[in-house]
Structure formats: structure tokens, C-alpha cells
Amino acid sequence: MADMIRAATPITNKNIIQPMRENRSSEAAPFDIENIGKVVKANENSELLQQNNANINKDNAPQVMMDLLKDPSVTVNFIKNIMMLEEIVGIISSHNDTVTDEIEQLFTQLSISPENLESEMLNQENASTAFKGNLFDFLREFAKDNPGSDVQKAVLDMLKSVNSESTKDNVLNTLSSSLEYLANALAPSKALSAKLMSLSERFASDDTAENFSQLQKETSQLMGEIERSILFSEKLSKLTSMVRYNLSRYNESTTFVEDSARAMLELIKDPEQQTRFLQTLYDCLSGKEAETKSPSQVLNVLVKILEKQTESDELMQLKGDNIRSVIHSLLSSPSNFTPLLHYIIPIDNGENKAFGEMWINPDEESSAGADERTIHMLLVFDIENTGRFETELFVRGRQIDLSIMYPPLLEGRVGNLSSELKKCISFSDYTFSNIQTGKLERTRSLVEVFPTLPKKRTGINVRI
């Protein structure tokens, strides 16, 4: 009986004084309420509510975005690091001369001439939202001219169907890439890794749309297996959640657009408007309208530069922080966490180089009046061998409030800048109601300049 488990009396410390249980009468209240005016701590929000709260865990993606908005270097490091990376590429001894030459050629294509500035900014604006073009202009006009719940619902269904149809390939490619990444991350588990890699290849095949239901079922089951695996971690949890989210984005219906279009045509009574609607819908879905739009030269070149540099281990070891800073600045571009128009403006006039960024809130809340629209702009630009400028504008109607902060190097050399600016704008209908100039003392963060950004992240902000 040597293997029999022996049961011993628990060892207790005789010096521990056991608390006396207070005798209470059964007629007394079950508990006492004291100092009811004081709340020590509110109950913790559920996970569902926490996603709409500004106090999010630091590891969540929304909190990362919030940290970027609070970081003053977001409006500076992008400019400086792009220029620094150009210098590094020129002096580094790379083992791959071909890659180095490619990056150097890309840098020469990054800057634009002053005469091409307007077209470049328009191209960047076109790329800032998917709902831009003749179809969406028609839907906005029709909804404005025909207010009503039926029209609103039909327009929303039309937008959903067009977005679903135009993003199907992107969703499948994203799912394939995410599953491949998970397969590599779970390489120690050969069984899980093999299943993930197989699903990744099947999502990239030509018959994915016909077999999506089966693939969705298998992928959901495999995500459950991963979450029960000993290799499961917080990082993998975010990836599995992303996979589930992308699965929900895909709409299998082959008649979604057709049904939405039919509902719109029933509400459009004018035959000419019906013809215009169908033509713009065809141009949008066929990609014909996209062919007429010019891509952004700056954004395309910038993405290629970052792609080439992140592939170079030598560059990442030397200046990986600079590259990450550039990526952080790109993350501050328009999104549901940063609802601002964002422009990247590198200029080379043949004598000097300047690199600027512009953020625009086209509909900022105005304290002057509920019906007055206020356009709020921030322009930050760095001129080579001169320094950094920060310009802020508030546009209300045709009146502009302007603030220009210049580098300390120019203190005492600016002269009568206000009168010069008024002369420059004299040809237009706009006038300056207030102009302030001064030395740039410190860098401000995006949240300091646009204080309503945190409110827009916490949930619905409705003014009645």
C-alpha cells in the first residue's frame, strides 16, 4: 500500500486569532448603509462599453491612436525623419546596391514642384475616402432634396451594397494574409500551422466566393482551437478577433447591389435622374470612374520607400526608430479615430526644400453660433536651413483668423508680416479678421490644436 495517498491533518497556526462572528438579530437589517453621499469607485464597465470609452487599455489599438494624437512629435518627426532617411540612404554601404539605387530614385520622385501642389492635394483628398465620386454626389444631392426615412434607408442600403461589392477582394486578401501570419506565429504547433496555411491558400484561390460559407465555418472553428491552445496569447487574441471581424465584413449575397438599386429606382421619379443614377452606379462598380482619378504621387512613392527600407535589415538596425516614427505619422491620417483631412506636402522649387503636413477639420464645433460652420486648419512645414513654421487658421464664412508661429532664427527679421499677408489675399473674396504672429516656443500635439478629437472617439456626439 506504498502508493496510497496519505491524508494528514492540516497544519494550523495556533497563534492566529480567529475573528468573532457578530451576533445579529434576525429582525435587524441585513446590512447597514453609511455615508451614502460618498462613492469610492464606480463599477467597472463591461468590455462592450469599454470599446466606446476614452479610458481604454494601453494595449488596444484605439489607445495607440490616442497616444499618437497627444504626442507633439507626430507633427514634427514625420518631416525630420523623411529627410534624415534620405541622407542615410545616400551614405550607407548596402549589400544590395540595386535596392539602394531604387530607394535613391524614389526619393528624387518624392518632392513635387510648387506648380503641381494644387493637383497633388486634390489627388490626396480623393484618396482620403471611398465615398467620393459622381455616384456619391448624386446620392447626397438626392437625399438632401428628398428628406424622409424611406429615402434615407434606401441611400444607406445603396452605400452598404456598393461598399460591400467594392471591398470583397480586399477582404479576402486580408483574410488570406492574416491566416498566413497566424500560421507563421503558431509554427511550434505543426497541426495548427498547417491548417492555417491551408485556409490561407484557399482564401486566395479563384473559387473562394463559391465556397465562402464552408471556409467561414472552418475558419471560425479553427479560431476556437487557437484560443484553446497553450500557445494562445494576448497578441494572438487581437489577430483572431481581426479574422472574425473580416469574416463578418464579407457579404455573400450576389443580388445586394441589384436589390438596393431597384429600391432607389422606385423612389427616383424623374427618368433623367434614373438614367444618371444607373450610369454613375455602373461607372463606380466597373472601375471606369476610378480610371479618371489620378493617384497621389507623394503617397505612392512614400509607401514604396517605407516598403523598401523595412525590407533592409541594415537600415532598420541603424534607423528603425525613424522609420517607425514615419509610420506613426501615417497612422494619424484620416480614420474613425482621427476624423481629419491629412495632406503630406514635400516641395522642391530647385533652390530650397520644404516638407509640410496639413490637418483640416472641415466642420468643427463653433462657439460663436450653432449654425455657423467653422473650418479649422493646421499647417506645419519645415524649410531647409530655416526651421519649422506652424500656421493655424479658422475660416468662418469669408473671414479668416490666422496665427503664424515662426522659428526663433527669424525673430526680428520677419518685418510687417500682417500687411504682406493682406496684400497676398487681396485678389480673393476672403479677408483676414485677425492675424497673430510670434516665435514658435514649443510644439503642440494634435489634441491641443483640435480639442474635439477625444470627444469624437468616445461615441455619438449629437447636438439637439
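This note goes through some strands, aromatic rings and charges of the structure above.

1. **Basis.** This is a predicted model; local features need pLDDT of at least 70, side-chain atom pairs count only at pLDDT 80 or more, and totals for chains, interfaces and linings use all residues. Residues are numbered from 1 along each chain as its sequence is written, and side-chain values use heavy atoms, with hydrogens and water left out.

2. **Strand β5.** Start with β5, residues 399-406. Helices (H or I, at least four residues) and strands (E, at least two) are DSSP runs, numbered from the N terminus. Of the 8 residues in β5, 6 are buried, so the strand is mostly covered. Buried means under 20% relative accessible area, exposed means over 50%, and partly exposed lies in between (1.4 Å probe, protein chains only).

3. **The β4 side.** β5 pairs with strand β4 (residues 387-396) in the antiparallel sense, over 7 bridges. Two strands pair if DSSP finds at least two bridges between them. Leu393 stands opposite Leu402 in β5. The hairpin of β4 and β5 has 2 residues between the strands, and Gly397 there takes a positive phi near 65°.

4. **The β6 side.** β5 also pairs with strand β6 (residues 431-439), in the parallel sense and over 8 bridges. Gln399 has Thr431 in β6 as its bridge partner. From β5 the chain crosses through helix α17 (residues 417-424) to β6, a right-handed β-α-β crossover. Right-handed means that, with the strands pointing away from the viewer, the path from the first strand over the helix to the second runs clockwise.

5. **Aromatic pairs.** The structure holds 5 aromatic pairs. One of them is Phe138 with Phe142, stacked at 6.1 Å centre to centre and 10° between the planes. Rings of Phe, Tyr and Trp (its six-membered ring) pair if their centres lie within 6.5 Å; planes under 30 degrees apart count as stacked, over 60 as edge-to-face and the rest as tilted. Both residues lie in helix α6 (residues 134-145), 4 residues apart, about one turn of the helix. Phe138 and Phe142 are both buried. Together with Phe277 they form one aromatic cluster.

6. **An edge-to-face pair.** Phe203 and Phe212 pair edge-to-face, 6.3 Å centre to centre with 75° between the planes. Phe203 has a relative accessible area of 2%, so this residue is buried. Phe212 counts as buried because its relative accessibility is 0%.

7. **Charges over rings.** Lys168 lies over the face of Tyr250, 5.5 Å from the ring centre. Arg398 has its charged end over the ring of Tyr430, 4.8 Å from its centre. The cut-offs: NZ of Lys or CZ of Arg is within 6 Å of the ring centre and within 35 degrees of the ring normal.
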